[in-house]
Amino acid sequence: MSLTEICTLSGHTDRVWCVAWHPRGDLLASCGGDRSVRIWRPEGEGFSRWICVAVLDKDHRRTVRCVAWSPCGRFLACASFDATVTVYEASSSGYTLVSTLEGHENEVKWVAWSPEGNLLATCSRDKTLEVWEKTSDNDFEMASVLHGHQQDVKFVTFHPFKQLLYSASYDDSVRQWQEEDDVGGSGGGSDEWVCSDILLAHSSTVWGVAFEKFPPDEALETHRDRNYPRLVSCSDDCTMIVWQQLPQPSDNTGKRRVWRNSCTLSGYNTRTIYSVDWSPQNVIISAGGDDSLRVFEETSRDLKVGTSSWTQTVCVEKAHRTDVNCVRWHPTEPILASAGDDGLVKIWAHRGAAPELLTPETPKG
């Protein structure tokens, strides 16, 4: 098992904060302290040669903290410390600014699209989240402002296929949000979002979360439950926690589920873990302030009890010259991209596969 650097992308003149793969996996967006967004494309076969095909550097006055492609791949949202979010439309002629979202009072830390692409969520140093509704190709309206976190909100993401929103904060928590009419599971909806669960186990800032992903051709009869993907969180307390949803004991229907700590990964990182991602091959990657990239693979799982065990299989100790701020798996391939304080984006190839977890004694659900 190995993690091999196959290309270094240089062009940013300040730290790189975030990288994001296009849904097709044939483009990569990066952003950073130089107030720019760069779009990269691999040349030829494989991922060993890249070129920068676009630079967007005219529309933000401060650091661009996060970039996110819409599920259709047509739009790119960019969150900035200047308290705005820009949305660009991609076409054969380039990238055109089509909307600027102004609502937060302070630095915008993250931006995320809903699975359907009709909602955009943002979070900020002002302790709030905002949900924006896409009303036409080039127009967004603020649908809701979410209050609840006590400190800076670092990260936001949508559930892969449910109308749920998740945020991570300086207040040491992860919060689950859903539309008010759907809290009871009725399937309805409204413009108001409420906090429906709080994940508390970290002892310091939670920097990010990632949902379990599945390969499109994975058999339904597997050790993983597609209906309830797990979640992994990373923190300033130098730990990662794998969370699993289990039926709430007081709910006789079994429909109401709550998040529980399935496994805590500690003792590996020596400084803050800034970023985490989960591959379709069931591999977790982490990046952090100790300049490292670390790969974790699952060694056992009990679906009934909700526990699991993971082990570190690869560690690249000096993946970047200094802090690694973001790491993201390719949508389908065992390839990943990382972003660092050294101003570089790096492309890596991972070799290795998690062991088969099911045994005759292990329940399947």
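I sort residues by relative accessible area: buried means under 20%, exposed over 50%, and partly exposed in between, with a 1.4 Å probe and protein chains only. The areas themselves come from the Shrake-Rupley method with a 1.4 Å probe, and for residues only the protein chains shown count as cover.

**Entry 1: ground rules.** I am working with a predicted model, where local features need pLDDT of at least 70, side-chain atom pairs count only at pLDDT 80 or more, and totals for chains, interfaces and linings use all residues. Residues are numbered from 1 along each chain as its sequence is written, and side-chain values use heavy atoms, with hydrogens and water left out.

**Entry 2: the whole chain.** The C-alpha trace spans about 55 × 45 × 35 Å along its principal axes. I then checked the radius of gyration, taken over C-alpha atoms, against the globule rule of 2.2 Å times the number of residues to the power 0.38. For 365 residues a compact globule would come out near 21 Å, and the chain's 20 Å agrees with that. Of those 365 residues, 59% count as buried.

**Entry 3: Asp152 and its partners.** Next I went through the salt bridges (a side-chain nitrogen of Lys or Arg within 4 Å of a carboxyl oxygen of Asp or Glu), and the structure holds 17 of them. One joins the side chains of Asp152 and Lys109, at 2.7 Å from N to O. Asp152 sits in the loop between strands E13 (139-146) and E14 (153-158), while Lys109 belongs to strand E10 (residues 108-113), so the pair ties together parts 43 residues apart in sequence. I checked the cover on both: Asp152 is buried at 11% relative accessibility, and Lys109 is buried at 7%. Asp152 also forms a salt bridge with Lys154, with 3.1 Å between the closest N and O atoms. Lys154 is buried as well, like Asp152.

**Entry 4: Asp277 and Lys213.** Here the closest N and O atoms of the salt bridge are 2.8 Å apart. Asp277 is in strand E22 (residues 273-278) and Lys213 in the loop between strands E18 (206-211) and E19 (231-235), so this pair ties together parts 64 residues apart in sequence. Which of the two is buried, and which is partly exposed? Asp277 is buried, at 5% relative accessible area, whereas Lys213 is partly exposed, at 31%. Back to shared partners: Arg62, Glu107, Lys109, Arg125, Asp152 and Lys154 are joined by salt bridges into one network.

**Entry 5: a negative patch.** On the surface I found Glu133, Asp139, Glu141, Glu180, Asp181, Asp191 and Glu192 gathered in a patch of negative charge. Patch members have over 30% relative accessible area and no salt bridge; like charges are joined within 9 Å, and nonpolar side chains (Val, Leu, Ile, Met, Phe, Trp, Tyr) within 5 Å. Asp and Glu count as negative, Lys and Arg as positive, and His and the chain ends are not counted. A charge is placed at NZ of Lys, CZ of Arg, CG of Asp or CD of Glu. Glu180 lies in the loop between strands E16 (173-179) and E17 (193-200), and is partly exposed at 43%.

**Entry 6: two leucines.** Leu231, in strand E19, is buried at 0% relative accessibility. Leu119, in strand E11 (residues 119-124), is buried at 7%.

Terms used
Helix = DSSP H or I, 4+ residues; strand = E, 2+ residues; numbered from the N terminus.
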